[in-house]
Structures are given as C-alpha cells and as structure tokens.
Amino acid sequence: MLLIKKGYIVDPEGKAGGIGDIWIENGKIFKMAPEINEGLAEARSGGRLQVIDAEGKMVAPGLVDVHVHFREPGFTHKEDILTGGAAAVKGGYTSIVLMANTRPAVDNEETLRYILDRGRETGIHIETCANVTMGMKGQELTDMEGLAKAGAAGFTDDGMPLLDEEVVRQAMAEAARIGKPLSFHEENPAFIQNNGIHAGAASDFYQIGGSDRMAEIDMVRRDLALAEGTGASIVIQHISTKEAVELVRQAKRTNPHIHAEAAPHHFTLTQEAVIRFGTLAKMNPPLREEEDRLAILRGLQDGTIDMIATDHAPHTREEKERPFTQAPSGIIGLETALSLGIRELVNTGWLTMEELLERMALQPARLYGLDAGYLAEGGPADLVIFAKEESWRVEGFRSKSCNSPFLGEELPGTVYYTICGGNIVYKKESE
C-alpha cells in the first residue's frame, strides 16, 4: 500500500486537482482527498504502508506514449524492451504502444505475443501495434482481425509510407470494422532525395538534396480524403509541416475520427539544429522551419494535434557517426519529453499543465482504448510525481542509446517517482 501526501494533484480530466493525498491499494487508487489519515491507512495496511512525501511536487497520471521503437526483436544492439522500459519509467511513462518495424515484422501472432510477453517484464504496460501489410511491403494486408484478437493495439507500417491507395482503402475499411486505429507515416519518396533533412537551409548547408515539405503534404492530403466517410480512426504521425497541420484542422471539422501527433523535437527544434548537431538531429520527417514549428504549437493549443508522442528511435553511437547520408534517422525521446513539454509549452503559455497531460496521457490512452491517463478513485494507480520547476542536466540515459541533441542541456521538470499498478518502478534517488 502507498500513501502519497501533500502533492499538487493534476488531472487532465479535471475531476481532481489541488493539494491533496492519494491512497493506493491493490493496484488501484483507493481514495483521493485533501487529507487522508495516515494512522487509518497504516492500520488498514497491517504495517505495510509506504508513505511518499510529495510536498512541493506535482502528482499526475502516468504518461502514455503511442509511438515508440524498442527495436526488439531484431535490432537489440540499439535498444531492447527492458532497456526501453527503463528509459520510459525515468521519463514518467507507465503505458507504451510500440511500433511494428521490427525483424521479424509484427505481421504474425507469434512475434506479437513475444513482444507482449517481454513487455510484462518491464513493470509497466507495454502494448504494440501490428503491421498493416505483410512484411511492411505495402502490398498485402495482414490478418488484422486475427492480430487484434491476439492483442494488437492498432496497426501501422511506421517507417514506410503506404503508397498503394487501394491497400489504404482496404486497411481503413478493416480497421473501422474491427475498431482499431491506423497510424500513418506520411512521406512520399517522390519528393525526397535524401531523407532526414529538410530541403532548405539545412540541405543547402550539407550540399545534399533533402526532403521537400510536399513529401508530407501530399500523403496527408491523400489519406485524409480517403478516410472521409470510412469511420476508421486514423493518426497522422509526427506532423512536421504547417500545411499538414492546416489540412488536419480542416479535416477534423467533418471527420471526428482524425487524429494527429506531434513529437517534442518538432515543437522544440528547427532545421538550424541539424546544422548545429548534425546526425543527432537527423530524423524522419525532418526538422523544418520556424513557421512550421509555430504551426505545430498552434495545432497543439487548439486541439488540431491531440497527442504528443516521442517517436523514441534509438540508434548506436557508431551508426550516428557515419556520414550524414549514411547515418540512420531518429532520436531518443522518452527521458526528455515531459521536460520539453514543460519548457516549450507550459512555461511559454501555449498549454496549461492539464492540457499538456491531456495530450501526453489522456488522449493517447483514449484513442488506443487503454485504461490510463487519468486520476480517479477506483482507477489505475499509474502515476508520475515530478517537480515542475526543478531543473536537471541531461548527462546520460537509461536507454541503451544516447542519440539525442538534448544531451548536456539543463531542463525543467525532475521526475521523482513513477508508479505503475501501485508499484514504484522508478525513484530518483536510485539513479
């Protein structure tokens, strides 16, 4: 049993708030109140009560990330499910939805069950998407119904755009029928010479061709049009252009099943970071211009972009030290996302803390049907306790990889505890 005392409770549903106590029992929130009698809780626990003094800290639902790469099976030299889980809890995450670009791909029940079984060893809730197409080749649909029954949280070929419109139509129809979301990687290779770098100042600096903004715009426009009237819940992943934000904004006016996610790096950095940090800031889609970053901020503010997802993408140091055109795209993000959200969105007035948590916990959980992202009596005891104003230096990571342009930075928002199912899975003092 746990008793969290005197924390400032922040609930994105708005049903709880202010300074108070939270009593946790049997993996659930047993009671929430301005003050809970410690002696009563101690007596009920039979001497097994653990008390956490949260005075001066915020107590919020555990974060939910629905776009994560843990690289297992197939690429465990970059990350594995256990090291990924360790990174997640340090960042305050208690629920994770993995992408399906593993080797073998998650186009079969055996691989799906392997990942889910491994996830149970982390102490947090690990879900995974399955693939839309066999082998991520974009040609033949997987047995989506069978994979959903086996535990797939949703479907994606993330990392590979679905270029065949008929395949997309079939996937949307099937996703609507079985009630699972589809998550789309929106980059048309016809507009890309070298991916991971914006076709503009950054590509000019390195004297290479880059990724034109039309790569994203073209695919987003197509998929929003195809989704109209299907009833399928679709997610526009890691949105990066102002035009795509506006396309989603317009589509949402007639289609309530449209969703979009923004990654912390896209609302924090621009192509200037690629010039400064090189391959550590190479990612798909690439960092773009300041106008695009501001459009993402406005999209997060007005709800056009309803989720923040890290696209945590580990790579080894050796891989990232290759020449720019040969190095893989992607950065890790689980351990810095909350802090970047506080610095870039809350401290600047774009979002309230409740709104930030809605986009980092409640909305992702709702889309994927997870019992997470809120605080309520009888609800899951998945929480993060953090000091919003207290800074910490990014000196290293629990992730197996360290490919991040934020290494060495001083960030606000120190995570002190992550609790999942009533168990303390991360404690700052243990670092």
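This is a predicted model: local features need pLDDT of at least 70, side-chain atom pairs count only at pLDDT 80 or more; totals for chains, interfaces and linings use all residues.
**Entry 1: D218**

I started with D218 and found it in helix 7, residues 214-227. My helices (H or I, at least four residues) and strands (E, at least two) are DSSP runs, numbered from the N terminus. Residues are numbered from 1 along each chain as its sequence is written, and side-chain values use heavy atoms, with hydrogens and water left out.

Is D218 buried, exposed or partly exposed? I looked up its relative accessible area, which is 26%, so D218 counts as partly exposed. The cut-offs are: buried under 20% relative accessible area, exposed over 50%, partly exposed in between, with a 1.4 Å probe and protein chains only.

Next I checked what D218 touches, not counting residues up to four places away in sequence, and got N188 and F191. Contact here means heavy atoms within 4.5 Å. The side chain of D218 also makes a polar contact with the side chain of N188, at 2.8 Å. For that term I need a pair of N or O atoms within 3.5 Å; within protein, one must be able to donate a hydrogen and the other to accept it, and residues adjacent in sequence count only if both atoms are side-chain atoms. I also looked at I258, 40 residues from D218 along the chain, and the two C-alpha atoms are separated by 17 Å.

I moved on to an open sheet of 3 strands, with the order 6-7-8 and parallel pairing. Two strands pair if DSSP finds at least two bridges between them.

Strand 6 pairs with strand 7 (residues 93-98) in the parallel sense over 4 bridges. I picked out V64 and found its bridge partner in strand 7, S95. Helix 3 (residues 109-119) packs on this sheet and touches strand 7 and strand 8, and its direction makes about 165° with that of strand 8.

**Entry 2: T310**

T310 sits in the loop between strand 13 (307-308) and helix 12 (317-320). I looked up its relative accessible area and got 1%, so T310 is buried. What does its side chain reach? The side chain of T310 makes a polar contact with the side chain of D65 at 2.5 Å, and it reaches the backbone nitrogen of H312 at 3.0 Å. Leaving aside neighbours within four places in sequence, the contacts of T310 include H67, Y93, H265 and A337.

Among the buried ones are A337, L338, I342 and V346.

**Entry 3: D21**

D21 is in strand 2, residues 17-25. Its relative accessibility is 2%, so I wrote D21 down as buried. The side chain of D21 makes a polar contact with the side chain of K5 at 2.6 Å. Not counting residues up to four places away in sequence, D21 touches I4, K6, M32 and I36, among others. I also checked E38, which is 17 residues from D21 in sequence and 9.8 Å away in space, C-alpha to C-alpha.

Last, I looked at strand 15 (residues 410-420), which is mostly covered: 10 of its 11 residues are buried. How many bridges join strand 14 to strand 15? I found 8, with strand 14 (residues 383-393) running antiparallel to strand 15. S391 stands opposite P412 in strand 15.

Strand 15 is also joined to strand 16 (residues 423-427), by 4 bridges and again antiparallel. I419 has I424 in strand 16 as its bridge partner. The hairpin of strand 15 and strand 16 has 2 residues between the strands, and G421 there takes a positive phi near 60°.

Note on methods: Axes are lines fitted to C-alpha atoms, for helices over the stretch in contact, and angles run from 0 to 180 degrees between N-to-C directions.
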